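Please read this briefing alongside the sequence and the coordinates.

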Amino acid sequence: MPPLLRYLSVDELGVRAAALVDRRPRDARLRQVGTSRAGLPLLLLSVGHGSRQALIVAGPHANEPVGGATALRLAERALADPRLCDGADVTWNLLLCLDPDGARRNEGWLSGPYTLGHYFRHFFRPGFLEQPEWLPDGAAAAALPETRALLALQDELRPFFQCSLHGVDVGGGFVELTRDLPGLAPRLAHIAGRLDIPLELGPYDTLYWPTLGPAVYRIPPPRRGDLAAAITEAAVESTWFHPHAYGTVTAVVEAPMWGVAAVGDGSAPADTDGALRAVSRTLRRDTALLEVLLARIRPSLGTAPDADRLLAPVDDYLLVCPGLADSWDPDTGPDTDADGGARPLPPLDTARLTALRISGRRIALRTAGLLRQLVTAAGHDPSGATADLDRLIDEWCADYHDGHGARWIPVARQVEYHARVVLAAFDLARHQAPAAPPGASPLGTPPMRAEVPFE
């Protein structure tokens, strides 16, 4: 497969998967495993005929398109390397896009130009309750058809290995695991070093999670919490943990679009409290600006198309901002856990402080981009909010460039990094997994090094 110069749309993913099946009909199959809320098919590409199942889920977040291309790359490699299918007694099952409706809404920036301003002006991710990997009320009460399709697929396949393909817009790469895969951290470091991908040594999502190695984190078991905690920590019931009863290990693999070197800087900061105060103060100020703009925009929305879909994530983001600012501010006391106990911030190095700065700015930029789309959808702007939103978006994107040194990572390199990390985790999981069922082919191949033959 030639290197990708741009991301692939939902339709292009389906066309390329069908072409692969036409080329290798004995080894690859394509089937529909569900339907989205808007009636789009959820397509599963399966490669190989092994008795053990690997499940790869692409496109769980609407604004993270790299996973679809990665899924196709993995299918090509599984077809080309006997050790990945017959030699491992494995069938690869690749869900091409879990949220095709949301992915369609991001197609305004998929083909470029790949600038931060263009990305955030066209950014879309649904509200928390419409994100298909989450199970806020448990699996039995799953409301979204995309979620129900994925749960049914997990129950059908009972995979020994599941991988959820995610993307980080600004920052670095990292991996989250439901169970440790010893040896993954050095492989991850090797892959990232070869491809010049920064690794995040303290992502915001993992602020309170156990560290299994540099840029590798263990996802805590699900626990009940309010919506704000769910949005900001992701430690809720999810499709990551649903197949745990089958012995499945789930890896969430994050690949960055714009890399920031400082997310890998483990040095001690000069003034931690001062940096935290600045981050909290900035987030409060940005939130106040956005709330004023939302108040100006709301009266003109009327029956604008898709206003509710765009307002849902705006309301979610603005809901969590005050609590986030307080939890980071050393002058407002420590955060509390789900049981009401004090939960102070962990020790903060430069990497973690950088991640907090990036996260605060990310929430503001996403909200501004969605507000701008609301004005566009309304078809008129009597409040003059568009000019103010454009000014804020340009200013905040410049902070990413000038304040953080954010640099674009070409799509082909994002995909290659994603694929190599998945293969490294797969290799470790297949040797850690329980024995295959009676009658299955023996696993006679030794563990393969992550860099051979996939470079």
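R187 has a relative accessibility of 18%, and because buried means under 20%, this arginine counts as buried. The model in which R187 is placed is a predicted one, and there the residue belongs to helix α7, which covers residues 184–195. The side chain of R187 reaches the side chain of D427 in a polar contact of 2.9 Å.

**Aromatic pairs**

- Over the whole structure, a search returns 18 aromatic pairs, and one of them joins W134 to W240 in an edge-to-face arrangement, with 5.1 Å from centre to centre and 70° between the planes.
- W134 is found in the loop between α5 (116–121) and α6 (145–157), while W240 is found in the loop between α8 (227–233) and β9 (249–259), so this pair ties together parts of the chain that lie 106 residues apart in sequence.
- Both partners of this pair, W134 and W240, are buried.
- F174 and Y217 also form an edge-to-face pair, because their planes stand at 75° with the ring centres 6.2 Å apart, and an angle over 60 degrees counts as edge-to-face.
- Since F174 lies in strand β6 (residues 174–177) and Y217 in strand β8 (residues 216–218), the pair ties together parts that are 43 residues apart in sequence.
- F174 counts as buried at 3% relative accessibility, and Y217 is buried as well, with a relative accessible area of 0%.
- One aromatic cluster is made up of Y7, W109, Y114, Y119, F120, F123, W258, Y400 and W408.

**Arginine over aromatic rings**

- R52 is placed over the face of F160, at a distance of 4.5 Å from the ring centre.
- The ring of F124 has the charged end of R105 sitting over it, 4.9 Å from the centre of that ring.

**Enclosed space**

- Rolling a probe the size of a water molecule over the atoms shows where empty space is left.
- When the whole structure is searched, four cavities of 30 Å³ or more are found, and the second largest cavity holds about 110 Å³ of space.
- The second largest cavity is lined by 14 residues, of which L8, E64, P65, C97 and A103 are the closest to its centre.
- By residue class, the lining of the second largest cavity divides into nine nonpolar residues, four polar residues and one charged residue.

- D265 lies in the loop between β9 and α9 (272–297), and its relative accessible area of 30% makes it partly exposed.
- From C-alpha to C-alpha, D265 and A351 are 4.9 Å apart in space, although 86 residues separate them in sequence.
- G384 occupies the loop between α11 (350–378) and α12 (385–404), where it is partly exposed, with a relative accessible area of 32%.
- G384 and L293 are 91 residues apart in sequence, and the distance between their C-alpha atoms is 9.6 Å.

Definitions and conventions:
Residues are numbered from 1 along each chain as its sequence is written. This is a predicted model: local features need pLDDT of at least 70, side-chain atom pairs count only at pLDDT 80 or more; totals for chains, interfaces and linings use all residues. Side-chain values use heavy atoms; hydrogens and water are left out. Rings of Phe, Tyr and Trp (its six-membered ring) pair if their centres lie within 6.5 Å; planes under 30 degrees apart count as stacked, over 60 as edge-to-face and the rest as tilted. Helices (H or I, at least four residues) and strands (E, at least two) are DSSP runs, numbered from the N terminus. Buried means under 20% relative accessible area, exposed over 50%, partly exposed in between (1.4 Å probe, protein chains only). A charge sits over a ring if NZ of Lys or CZ of Arg is within 6 Å of the ring centre and within 35 degrees of the ring normal. On a 1 Å grid over the protein atoms alone, a cavity is a set of points where a 1.4 Å probe fits but cannot get out, and a pocket is an open set with protein on both sides within 12 Å along at least five of seven lines; lining residues have an atom within 4 Å of a point. Grid points are joined across faces, edges and corners, and a volume is the space filled by probe spheres set on the points. Ala, Val, Leu, Ile, Met, Phe, Trp, Tyr, Cys and Pro count as nonpolar, Asp, Glu, Lys and Arg as charged, and the others, Gly among them, as polar. A polar contact is a pair of N or O atoms within 3.5 Å; within protein, one must be able to donate a hydrogen and the other to accept it, and residues adjacent in sequence count only if both atoms are side-chain atoms.
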